[in-house]
Amino acid sequence: MSYPSTEIELRGGFLSKILYENEIFYLVSKPAGLPVHETKDPKRPDLTRLISEHLKTPVLRCVNRLDLGTSGIVMLGKPQANNQLLDVILSFAKKSYLFLAKGIPDWDQTRFECFLKDGNKKCSIVRSGGKKAITDFRVLKKGDGIYLGQADLVTGRRHQIRISLSALGFPILGDIVYGDLDSKEERMFLHACSFQFEWNSTLIKITDPLPSLFDRRLIRKAKI
């Protein structure tokens, strides 16, 4: 079953979409470059407050977070929602991401496992004292020294996809923290594209199409 999305323009000219709504939460599309929640600067716009303002509702709760440079699906809880229930739905949801990465792997698919430890602005892979992170990666299309890939989360850790790809030797384009240090890319090419969950005994899959910039960046001298 498909769910029609509604495109909306938020204050400040930010474009978003309402991808799905039920009794207790929304799934919305976050543009790259917009914080998902309030920062230390209260005057800086963020997705959660802009969506609340647009819908004329009390401030929604940001249930899952995306990095500043990442676009795609964000779950926002309604004011009347039970927070514990929202966390349970999120923990069992299947989440997939699309990305552009530097280099061409010699594999079509692989599973990467590591232990991650949170730091101030970035995470690090450790041998002990961290949390297990597991990600399944697939190559979808190859370009000129880059490729389009899909990441399916088995666990959900901070910066899991970004640091895992960097450790594999294929950092995400535009990720100046984990490997693409001298990047002049227009953005970080990571997009939360799919969110699958169960609601009232029905399996629901919501998708957010890949931004057109990904295709334009990939097809420069592209080859399949």
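Buried means under 20% relative accessible area, exposed means over 50%, and partly exposed lies in between (1.4 Å probe, protein chains only). Glutamate 185 is partly exposed, at 25% relative accessibility.

This is a predicted model, where local features need pLDDT of at least 70, side-chain atom pairs count only at pLDDT 80 or more, and totals for chains, interfaces and linings use all residues. Residues are numbered from 1 along each chain as its sequence is written, and side-chain values use heavy atoms, leaving out hydrogens and water.

**Stop 1: glutamate 185.** Glutamate 185 sits in the loop between α3 and β11, arginine 217 in helix α4, 32 residues apart. Helices (H or I, at least four residues) and strands (E, at least two) are DSSP runs, numbered from the N terminus. Arginine 217 is buried, at 14%.

**Stop 2: arginine 162.** Is arginine 162 buried or exposed? Arginine 162 is buried, at 8% relative accessible area.

**Stop 3: strand β7.** Select residues 109-118. Strands pair if DSSP finds at least two bridges between them. β7 runs antiparallel to β9, residues 131-142, with eight bridges. Glutamate 113 partners isoleucine 134 there. β7 also pairs with β8, residues 123-126, over four bridges. A hairpin of four residues joins β7 to β8.
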